[in-house]
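User: I'm new to this model and would like to know what stands behind the words used for it. Could you take me through some of them?

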Amino acid sequence: MFEEDWMGKYQDAWNNEPGLADALAQINFNSIIGYGFIGDAQPTGVITVENGHVVSAGAYNGETMNWDLRASSENWAKWAQKPPGMMGLGMAYTTGKLKFLVGDYGAMIKDPRMAGPFIKSFTAMAKA
């Protein structure tokens, strides 16, 4: 997960997932999002999102991130098999299974324009 090939598949899945890219385009969402593992010095993979759509995806290469999400490999694999809902992600965050090294989870999850697409990003992971 989060290796070069997988990130390319994730890009395609993100851009084709109903309620994700198009919903974020409506709020002109632009961001650099890193994904990796708890305890690692840097994320493994990164996506660049412009107007809701992923325009590049691949290995982390020193980009300055707006979001840096971390979890154990076991939890990422579990969520990729069965994407969590709002309650599951809330529990993962409060118990430390999902960490935001960069980015404000609380502000994001309170904004329905971002919370729904965030949940959908896990559905896209399941399709990558």
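Predicted model: local features only at pLDDT ≥ 70, side-chain atom pairs only at ≥ 80, totals over all residues.

User: What makes phenylalanine 2 and tyrosine 35 a pair, and of which kind?

Analyst: Rings of Phe, Tyr and Trp (its six-membered ring) pair if their centres lie within 6.5 Å; planes under 30 degrees apart count as stacked, over 60 as edge-to-face and the rest as tilted. The structure holds 17 aromatic pairs. In this one, the ring centres of phenylalanine 2 and tyrosine 35 are 5.5 Å apart and the planes are at 10°, so the pair is stacked. Phenylalanine 2 sits in the segment before helix H1 (4-16) and tyrosine 35 in strand E1 (residues 31-37), so the pair ties together parts 33 residues apart in sequence. Helices (H or I, at least four residues) and strands (E, at least two) are DSSP runs, numbered from the N terminus.

User: How do you know which kind of pair tryptophan 6 and tyrosine 10 form?

Analyst: Their ring centres are 5.1 Å apart and their planes at 25°, so tryptophan 6 and tyrosine 10 are stacked. Being four residues apart in helix H1, the two are separated by about one helical turn. Both tryptophan 6 and tyrosine 10 are buried.

User: What makes E2 and E3 paired strands?

Analyst: Two strands pair if DSSP finds at least two bridges between them. Strand E2 (residues 45-50) and strand E3 (residues 53-59) have six bridges, in the antiparallel sense. Glutamate 50, for one, has histidine 53 in E3 as its bridge partner. The hairpin of E2 and E3 has two residues between the strands, and asparagine 51 there takes a positive phi near 50°.

User: How do you know where the buried residues of H3 lie around its axis?

Analyst: The buried residues of helix H3 (residues 73-81) are Asn75, Trp76, Trp79 and Ala80. They cover an arc of only 135° around the axis, which puts them on the same side of H3; the arc is that of the directions from the helix axis to the C-beta atoms. The face of H3 turned away from that buried side carries exposed Glu74 and Gln81.

User: And what makes the buried residues of H4 line one face?

Analyst: In helix H4 (residues 86-94), the buried residues are Leu89, Gly90 and Ala92. Seen down the axis of H4, they fall within an arc of 160°, so they line one face of the helix. Met87 and Thr94, on the other side of H4, are exposed.

User: Why does methionine 125 count as buried?

Analyst: Its relative accessibility is 1%, so methionine 125 counts as buried. Methionine 125 is found in helix H6.

Key:
Residues numbered from 1 in each chain as written. Heavy atoms only, no water. Buried < 20%, exposed > 50% of the residue type's maximum accessible area, 1.4 Å probe, protein only.
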